[in-house]
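The exercises below each set a task on a protein model and then work through a solution step by step. Please keep the sequence and the coordinates at hand while you read.

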Amino acid sequence: MLQKPKDEFNLWSLEYNDYDPKKEKSRETLLTVGNGYLGTRGVLAETTATDTNYPGTYIAGLYNRLISKVADMDIENEDLVNIPNWLFINFKIGNNEWFNIDNTEIISIKRRLNFANGMLESELVVKDKIGRKTKIKSNIVASMANQHLVALQYKIKPLNYSESIEIKSEIDGNIINDGVARYRDLNQQHLKPVTQGNDSEISWLLVKTTQSEIEIAQAVKHSVYKNGIAENSNTVKTNSSGKIGTEFKISLNKNDEVTIEKVVAIFTSKKDDTKEPLNSSKNLARTVKTFDKIITESETEWKKLWDKIDIQIKGDPKSQMLARLHLYHLMVTASPNNVNIDAGIPARGLHGEAYRGHIFWDELYILPLYNLFLPEVAKSILNYRFQRIDNARKYAKEYGYKGAMFPWQSGSDGREETQTIHLNPNSGKWGDDYSSLQRHISIAIAYNTWYYFQVTNDVSFMKNGGAELFLEICRFWASKSVQDKTTGRFSISKVMGPDEFHEEHKLSKGGGVKDNAYTNIMVAWLFEKAFEILKKLPENASKTITSKINLDSEEIKKWKAISKNLNIPLSDEGIIEQFDGYFDLKELDWDGYRKKYKNIYRLDRILKAEGKSPDDYKLAKQADTLMTFYNIDEEDISSILKNTGNKIPTDYLKKNYYYYLNRTSHGSTLSRVVHSYLANLFGNKEEGNKLYFEALESDYTDIQGGTTAEGIHAGVMGGTVLMIITSFAGLNLKKKNLAINPSLPKNWDSIKFNFWFKSNHYFIEIKHSQLIIEINSENSHKVEIDFSNKKILLPTNIKHVLDY
């Protein structure tokens, strides 16, 4: 991708000034508008689903389950549903064909996603086969002020001709989920029509999902203006099963301009929405205001949001634009609107259909950011998990465990959505799929619960679900730990680590691996934090919670024994073995594979195509053992390793970093985030920053060669923004006191942001040798922080300037 000069990046918008059929779907993902309740892909309004374009609108938590026949097997999948396309509008000149951007000369095209107000602006000048030039302008918005409103402002101007213009606007429910090519052999018909109609003022469409039976209602109101004056155009409304349309005819002279405002109200019958979606959508559509009013109100809410979440970077316009791009898309996926929505954060946002819109462990990279900026939203995401704890308990019991075992892939109700079998395309035979053995998802949920409590001190949340969630996950891991009677050590088998490439090993019967280091270290850490949580909560609250889940002192005593005796092997050099048996695997010729294949991100697929197995080699898709150092402080890991009888060298983090970095393909965009963080942690800023900036632009450049077309990578977007705070600003939020040890990239002049930590509101600006900090609090007092490894007391409500 051609790189823009440094000064050409707009700090508050993403812009494209060309139309490239090979890149359009990825661009549509990055131009998505939304408000947390829904996301609408940033397509040109005249397009429909083709190999080049893909319209799509997705509502948080709206799933449907279908069965597909695959090689004589019934395979069930649940998907985030692409709801009826509300956006479509098109025009034609006189009796000519309808406008088709793929069959038209484009004189100019400009598209701009405005982060400040969430509006997508497009302007095209096109010329048809007989030389008529037309200017087409559109503005698209999903209101942040009213989550149920989306709107399009569409303008047509003849530049060198006078003619009758016909415009058609539609809402089409006769669509399928068709955004991921590899799913196309499966049943993707999630919608069925219920009713449609119109009156003199509005039109409406009601559809229902085929299995979950969720009604989706859309009501639309159009306004027409000619040269800025309301126009009573020749209008015809059409209705057919699953589809409604409105057609306009208007005569325009050269340089006249017609404007169509299309405002759509969207409601569903989800439990967290409304009981009568059709009436709700009709009522809202009738009372709706002008497009300008909608965008003004939405912009006001966006401004409030940006006042809370913005990170100002001086000296590097590209990084500033990308940081805001990532923050913007996180708000599209989960905003303050989500406080009342029962949904998690899909790995690919509300932007596409990859991973079927499922929720994985990516929240581990995202929620720490929400803890600081929007804690109420973070709490709602954690409550999505707590509301499904009974299914997690059932899932654990099904496999012979206790406590709560959460699914690797989650959708509507918290059951496991991961397939447990897969079809070998070469042999035509079914085999085991061990992906669901990524039980570390439960670690991520517990970690996020602890981190939220650590940052917010929200005792009420812990009393009303958070502690129960955390303790039941601990109980699951205790039940999964098996003691070797000879050594006295506890082992955990049948797991897959974050690596993903190693699906089975001979020491773990039934798939997965044994004693994955990331899993075992984090489990030991969870047990330690469980004891801390019980002590930190009011005594009556701790008693109530432990009584509710029948957690007694003997069980807690066993947790302590497990935490000090988990098997975590180390080499003599201090390398933590990724899993039991890893050191005995073959070394891979990394240089040879890079030379042969260039792109080896998906090394697992390359090896399998050669008839080999990734299970036989020392390799990883992404950080696995190293992920531990990303989650928790090195001193905590050292303590756990020593408690389990290991001796560790002083520079073991650095040794482990290079050992595993040299055996990692970075097949996940998240991998660069973790490795960058660790490189910066032990002082290799050059390598750390290189990896960071690759991660920062990974969706913008579509680094994985087309995957952005199927949705954003929400984890890497959250992780790269969080790193600005934790790595470059140097904030450590995991201790009693806030610690700040800044380390800005050379090409950044300063960073500035504000956040909440333990009920105090911090305003921070960091320069290369100076920290400017103000701690606002309702009551004036002194706050102790650790700054550049020194403890200092700072009076609140006063600006302090500290050199370093």
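**Exercise 1. Describe where His800 sits, whether it is buried or exposed, and which atoms its side chain reaches.**

Step 1. His800 is placed in strand E31, where helices (H or I, at least four residues) and strands (E, at least two) are DSSP runs, numbered from the N terminus. This is a predicted model, in which local features need pLDDT of at least 70 and side-chain atom pairs count only at pLDDT 80 or more, whereas totals for chains, interfaces and linings use all residues. Residues are numbered from 1 along each chain as its sequence is written, and side-chain values use heavy atoms, with hydrogens and water left out.

Step 2. With a relative accessible area of 13%, His800 is buried; the term buried means under 20% relative accessible area, exposed means over 50%, and partly exposed lies in between (1.4 Å probe, protein chains only).

Step 3. The side chain of His800 reaches the backbone oxygen of Pro795 at 2.8 Å, and a polar atom of that side chain lies 3.2 Å from the backbone oxygen of Ile798. A polar contact is a pair of N or O atoms within 3.5 Å; within protein, one must be able to donate a hydrogen and the other to accept it, and residues adjacent in sequence count only if both atoms are side-chain atoms.

Step 4. Leaving aside residues up to four places away in sequence, His800 touches Leu771, Ile772, Ile773, Leu794 and Pro795, contact being heavy atoms within 4.5 Å.

**Exercise 2. Work out the order of the five strands in the open sheet that contains E31, and find its edges.**

Step 1. The order is E19-E26-E27-E28-E31, with antiparallel pairing; two strands pair if DSSP finds at least two bridges between them.

Step 2. Strand E19 (312-314) and strand E31 (799-803) are the edge strands, each pairing on one side only.

Step 3. From one strand to the next, the twist averages 20°, with axes taken as lines fitted to C-alpha atoms (for helices over the stretch in contact) and angles running from 0 to 180 degrees between N-to-C directions.

Step 4. Within this order, strand E27 (residues 760-767) and strand E28 (residues 770-776) run antiparallel and are joined by six bridges, and the bridge partner of His761 in E28 is Asn776.

**Exercise 3. Trace how strand E13 is joined to E12 and to E14.**

Step 1. Strand E13 (residues 203-209) is mostly covered, since six of its seven residues are buried.

Step 2. Seven bridges join E13 to strand E12 (residues 191-198), antiparallel to it; Lys192 stands opposite Lys208 in E13, and the two strands E12 and E13 form a hairpin with four residues between them.

Step 3. On to strand E14 (residues 215-226), E13 is joined by six bridges, again with an antiparallel run, and Leu206 stands opposite Ala217 in E14. The hairpin of E13 and E14 has five residues between its strands, and Glu213 in the turn has a positive phi of about 55°.

**Exercise 4. Explain why the buried residues of helix H11 line one face.**

Step 1. In helix H11 (residues 539-548), the residues Ala541, Ser542, Ile545 and Thr546 are buried.

Step 2. Seen down the axis of H11, these buried residues fall within an arc of 125°, so they line one face of the helix; the arc is that of the directions from the helix axis to the C-beta atoms.

Step 3. The face turned away from the buried side of H11 carries exposed residues, including Glu539, Lys543 and Lys548, while the cover over its buried residues includes helix H9 (459-480) and helix H10 (517-536).

Step 4. Just after H11, Asn550 takes a positive phi of about 55°.
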